[in-house]
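Biologist: I would like to learn how to read an interface and the sheets behind it. Could we go through a case together?
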Amino acid sequence: MRADTPRLVGRAMTLAYERRTVAEDLTVPVPDGSFTVIIGPNACGKSTLLRALARLLRPAAGAVLLDGADIHRRGTREVARVLGMLPQSSVAPDGITVADLVARGRHPHQGLLRQWSRDDERIVAGAMADTGVADLADRPVDQLSGGQRQRVWIAMALAQQTPLLLLDEPTTYLDIAHQVEVLDLCARLHEEQGRTLVAVLHDLNQAARYATHLVAMRDGAVVAAGEPRRVVTAALVEEVFGLPCRVIDDPETGTPLVVPAARRRVGPAPA
Amino acid sequence: MIVLRLPGGLSLRLRARALAVGAGIALLALALGVLALAGGEQLLRPADVLRTLTGGGAPADRFIVLDLRLPRLATALGVGAALGLAGAVCQALLRNPLGSPDVLGFTQGAATGGLTVVVLGGSSLALGAAAVAGGLATGAAVYALAGRRGLSGHRLVLVGIGVTAILAGVNGFLLTRAPLMDAARATLWLTGSLDGRGWVNSLPLLAALALLAPAVLAGGRALGVTGMGEDLATALGVPVRWLRPLLLAAAVALVSLAAAAAGPVSFVALTAPHLARRLTRAPGPNLLPATLLGAALLVAADQLAQRAVTGHQLPVGVVTGVLGGGHLVWLLATERRAGRL
């Protein structure tokens, strides 16, 4: 394995569900230590790509390489110690408490006779503290608000202690304040714990603000990939989303901010 | 929560409540078992029963307890345990309290297989083999019709209800083709009965339980994770793709052998796991409590069947049918109110 090959690479993949082909010859390297965000219009194949990278969908051709080896040739438990994935639709068992749900993140590290080591205990407590759900430990998950619940799921994924973590639309169904809260949490995990994060996001401006590496997709193909500043241009947004727009600097962060073109102006023109 | 840590990295995590409930049910099953051995036409004192079981006792007592009543009790315990365990596995795999082998048609499939042998004539070994073949064939058919896109949701339950209806028709056809004597015997068998059960009926089931139960119980943790969705379970390192069909096949085999031993006793597989879950209040599949509760329930139902109407023994399937049917109606009503149906 060459030193400049990242740990997780999708190489020349054809991705398909039963009869429908979503993507062909798709190659996506995930830079080590990046916060990679995949963007694109609905049905462009971004969630499918994430599922393939998480070995939830087997490529019809090509392969996903984890540390240089085909991810489907490695034991699923072994992979689960390196690569975590939070799918969009997960069901908390009826009546499970926050602490119990987060503890399930330790599953790939446990066994029949090794059910709850001191490490497990410490790591689960740490994951709950990092996501701010320690106070909720004994509450049933089904009584929490949407934002709290999403933080609990992230805590579970953290407890898995994988250097690579994939998140499928972690902000869906959350209001704007909770979206920012969850993304700030992701950014902190990326910066402080040095994990490689890959997320699918819908909101272009949030993607541009939080990502260190953007992958823009359309019709199952990568149109552009790289730093947000290089990827998010008016021309590319028009090409990928079919949306005429201006791109200005985000006054908070200096990252690109997409302002859709308006049909007509309401206020006075700027000087 | 109780955590046991031993040198060498061994650690066990147990829920205090689940542990207490499990121990309570085990004691209950044991007490019911002693009562079953003591009761009947010839009443014995429980102390004499225990003395006989441990190798002592008068010769007459030994004959009554060991030769007459113990085989029936062993069959009841085995059938109940198999149904409880299989029901808990199915309900956890389907994430649906209605996903029991009765509702899914597996029990009915085993009944069709067994009935064929009862009508055509054959040894109890042939009956067992035919019941298992019928159960597995039905399981495979239901899985193929509904399970390819994932086992969850109500698809499997609905397909199972349809398959059950078809098999009920087939069973009716088999009964009408049989000579009158055989038909009467077959009808009794179809109700589920422990009358005259000996070791020859229960040994295949007990052997299968000894082999399958530990394997299935060991898969309980992974099964609990599977309940959070196929994608998340895979992400957490559970090999869902082969674990699911294997566990389902084990459950079908247990149900089928239980049917071979005592006929298709209804509703225990539906009721035991649900009651166990309510008692332990643990989020997991509660496999062991459901197994023990199934055994206790069936022994209790058999006692009720023998004593409820004086001078007339009912088949145990009548008792489980009446009580379990009531439970199903109640379950349907509450599930509907909770918006899960």
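**Reading the interface and the sheets**

Modeller: Gladly! About 2900 Å² is buried between chain A and chain B, and carbon and sulfur atoms give 52% of that area. Buried area here is the accessible area, taken with a 1.4 Å probe, that two parts lose on being put together, summed over both. Please keep in mind that this is a predicted model, in which local features need pLDDT of at least 70 and side-chain atom pairs count only at pLDDT 80 or more, while totals for chains, interfaces and linings use all residues. Residues are numbered from 1 along each chain as its sequence is written, chains are lettered from A and ligands numbered from 1 in the order in which they are written, and side-chain values use heavy atoms, with hydrogens and water left out.

Biologist: Why start with an area, and how many residues does the contact take from chain A and chain B?

Modeller: The size of an interface is often given as the accessible area lost when the parts come together. In this model, 37 residues of chain A and 30 residues of chain B take part in the contact, where contact means heavy atoms within 4.5 Å.

Biologist: How many salt bridges are there between chain A and chain B?

Modeller: A salt bridge is a side-chain nitrogen of Lys or Arg within 4 Å of a carboxyl oxygen of Asp or Glu. Between chain A and chain B the count is three. One pair to look at is Arg5(B) with Glu121(A), whose closest N and O atoms are 2.7 Å apart. On the side of chain A that touches chain B, helix H2 (76-80), strand E6 (83-86), helix H3 (98-103), helix H4 (118-130) and helix H5 (146-159) of chain A each give two or more residues. Helices (H or I, at least four residues) and strands (E, at least two) are DSSP runs, numbered from the N terminus. By class, that side of chain A has 17 nonpolar, nine polar and 11 charged residues. Ala, Val, Leu, Ile, Met, Phe, Trp, Tyr, Cys and Pro count as nonpolar, Asp, Glu, Lys and Arg as charged, and the others, Gly among them, as polar.

Biologist: Now the sheets. What order do the six strands of the open sheet in chain A have?

Modeller: Two strands pair if DSSP finds at least two bridges between them. The order is E6-E7-E8-E3-E9-E10 in chain A, with mixed pairing. E6 and strand E10 (221-226) of chain A each have a single partner strand, so one side of each is left without a neighbour in the sheet. From one strand to the next, the twist averages 15°. Inside this sheet, strand E3 (residues 35-39) and strand E9 (residues 213-218) of chain A pair in the parallel sense over four bridges, and Ile39(A) has Ala216(A) as its bridge partner in E9(A).

Biologist: And which strands does helix H6 (residues 176-193) of chain A lie across?

Modeller: H6(A) lies across E3, E7 and E8 of chain A, at about 140° to E3(A). Axes are lines fitted to C-alpha atoms, for helices over the stretch in contact, and angles run from 0 to 180 degrees between N-to-C directions.

Biologist: What about the open sheet of four strands?

Modeller: Its order is E2-E1-E4-E5 in chain A, with antiparallel pairing. Strand E2 (20-30) and strand E5 (69-70) of chain A are the edge strands. Strand E1 (residues 8-17) of chain A pairs with E2(A) over seven bridges, and Leu15(A) stands opposite Ala23(A).
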